[in-house]
Amino acid sequence: MTTKAASAAGYITDVAYIPGFYPHMAPAALSYVAALNRVVPPAAVSGFRYLELGCGLGRSFTTLAAANPGGEFIGVDVNPEHVASIDRDIAAGKLANARAITSDFAGLPADIGRFEFIALHGVFSWVSDDVRRDILAIARQRLAPGGLLLVSYNSMPGWAHLQPIRGILRQYAQLRQGDSVQKIRDALAYLVFIRDRHARYFDDNPKAAAYVDGLLKQDIRYLAHEYLNEHWTSFYFSEVAGMFGGAGLSFVGSLPVFTNFWDLCVRPEFQELFRTTSDRLVTEAHKDFCANTAFRWDIYAKEPRLMASPVDRLELVDDLHFHVARPGITLPHAVNLGVVTSTIQGPLYERLLALLGGPSRRLSEVVAAPELQGTPAADVIRAVDAGVAMGIFELANSPLEPAPSAFAGGVSLPSAFNRAILVSDALGGRPVALASEKTGSGHTLGDLDAAVLHELFEGGRGGLVERVESRLVATGRSIQQEGKPVVDAEARRQLITAACDAFITSSLPQLVRLGIVTAT
Ligand SMILES: C[S@@+](CC[C@H](N)C(=O)[O-])C[C@H]1O[C@@H](n2cnc3c(N)ncnc32)[C@H](O)[C@@H]1O
């Protein structure tokens, strides 16, 4: 569907973006962050409307629509090539609950209605002030009361030493001929040239010099969209909070989940700063400096309904199910989440690990479990949340049983969307996300694993290794070991055999658990 003539307002449209799935965009992820920050979220399992602004090629959009058949999804993008690609995925995946619109943000259909969730990823930093005003107008007018909005952006101070990289790339690219891909290629070659010859900027900013190596590994289409737009800004948290505040929205929290726990984000010597203020707007600013944050995923709410106590969640928001993230987690469990290494340990976590290692449980079921009697509900809730933040527990939209220890049967893929994605994306050189209705989110497989799953589904276990190998050869995709392509046929066969075995023993039972794969 296309609305009246759309304007990209300085955003590049001559090169399509790259497909990517971002689990932070799942309605359940937004609702969970709201709940742990004592804001009553909208229902995230069914009966909601979800709007994605600037949905690109729509891999998050369509995967989430497939994973949440009880929600209605609308995606908007100014680039008709993007929307045409999404339309193909909607048709192939038989997604009756998703619709993509070619439009700029100013031209949304007047009757588009209101949404419980609005999300924009990779957009806010890359558009003009006018387009940001259009986005804020949509936030003001189209977010339902109690609704949640997710916005990601390049943030300060993490971008401070890298800003000139964008400046150099764009200025050089403007002097070059060709499409945006050619221009960014030329600009990158120039960047490497001056870096390798020790231009003083790079010698004075060694992290910027190292950053260039990271750029060389990125998809060139990503680089074109990241660096060649006319507008590009990195914001302080307070600037974005001010803009959304002006649109009538309040800051709720952020993703990943650990960013809501300042003690997981900053070193102990800074923690006194945080103890002396309870103003979240102030702590976020401190945190970004202590952690040198370069990218933020922030959640805002319209007319948020606040809970007086974390225990109110048991009454007001009990639709999510918690479970152990993967087999084999033991305590103490230490994780470095970027700046500090934090450790989970102690009897409460031991009991939670045992309890949630079985079938998943709602928060009310966890608190009521006989194993946890005597522990105050607020302590149990905080421990579950900290466990999610540290990656030992995960969320689901509906009950999950533990993964089977082995899966010997034939493989069936109940979702038409997942079947279509496997056909189009396996061995495409990038990760493949499959939709799970049980979690309301997507789950990412490496592209070789996706090819193994596809072959298992198409032809069963007989001759699996040979079939995967001939697909590899047919697509020209090499298999790598220690970063180098393996050319020896025998070595390649051994690696593919090992990959098939590992997929069947480790990944397949998890996919069964998530309902992505069922037995035939
Ligand atoms: C960097 S991409 C991000 C795509 C997607 N959200 C993702 O993360 O994969 C930004 C997207 O915003 C779209 N966009 C930029 N300005 C727009 C505008 N004024 N109206 C509608 N879409 C716009 C672009 O076409 C592009 O697809």
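What follows is a chat about the fold, the ligand and a handful of residues.

Me: What kind of model is this, and which pLDDT cut-offs apply?
Reply: It's a predicted model, where local features need pLDDT of at least 70, side-chain atom pairs count only at pLDDT 80 or more, and totals for chains, interfaces and linings use all residues. Residues are numbered from 1 along each chain as its sequence is written, and side-chain values use heavy atoms, with hydrogens and water left out.

Me: How many helices and strands does the protein have?
Reply: There are 20 helices and 18 strands. Those are DSSP runs numbered from the N terminus, with helices being H or I of at least four residues and strands being E of at least two.

Me: And what's the radius of gyration?
Reply: The radius of gyration is 24 Å, close to the 24 Å that the globule rule gives for 520 residues, so the protein is as compact as a globular protein of that length. That radius is taken over C-alpha atoms, and the rule is 2.2 Å times the number of residues to the power 0.38. Along the principal axes, the C-alpha trace spans about 70 × 60 × 50 Å.

Me: What share of the residues counts as buried?
Reply: 53% of the 520 residues. Buried means under 20% relative accessible area, exposed over 50%, and partly exposed in between, using a 1.4 Å probe and protein chains only.

Me: What about contacts between residues at least 6 apart in sequence?
Reply: Among those, 76% join residues at least 24 apart. Contact here means heavy atoms within 4.5 Å.

Me: Which residues have the most contacts inside the largest nonpolar core?
Reply: L352 and L453, in a core of 112 residues. A nonpolar core is a set of buried Ala, Val, Leu, Ile, Met, Phe, Trp, Tyr and Cys residues joined through side-chain atoms within 4.5 Å. Leaving aside neighbours within four places in sequence, L453 is in contact with V411, L413, L422, L434, L445, F503, L508, L511 and V517. Apart from that core lies another, of 32 residues, with I101, I118, Y153 and F251 among them.

Me: Switching to the ligand. Which residues come nearest?
Reply: Y11, G54, D77, H82 and H121, out of 20 residues around the ligand. To be counted as near, a residue needs a heavy atom within 4 Å.

Me: Now S360. Where is it found?
Reply: S360 is in the loop between α14 (347-356) and β11 (361-362). With 9% relative accessibility, S360 counts as buried.

Me: What does the S360 side chain reach?
Reply: The backbone nitrogen of L400, at 2.8 Å. Beyond neighbours within four places in sequence, S360 has contacts that include H321, F322, H323 and E365.

Me: And S125, buried or exposed?
Reply: S125 is buried, at 0% relative accessible area. It's in the loop between β4 and α4 (129-142). Setting aside neighbours within four places in sequence, S125 is in contact with R132, Y153, N154, H231, W232, T233, S234 and F235.

Me: What about phi at H198 and L427?
Reply: H198 has a positive phi of about 60° although it isn't a glycine, and L427, also not a glycine, has phi near 60°. H198 is exposed at 52% relative accessible area, whereas L427 is buried at 7%. H198 is in the loop between α6 (180-196) and α7 (200-204), and L427 in the loop between α17 (416-425) and β14 (432-436).

Note on methods: Polar contact = N/O pair within 3.5 Å; in protein donor to acceptor, adjacent residues only side chain to side chain.
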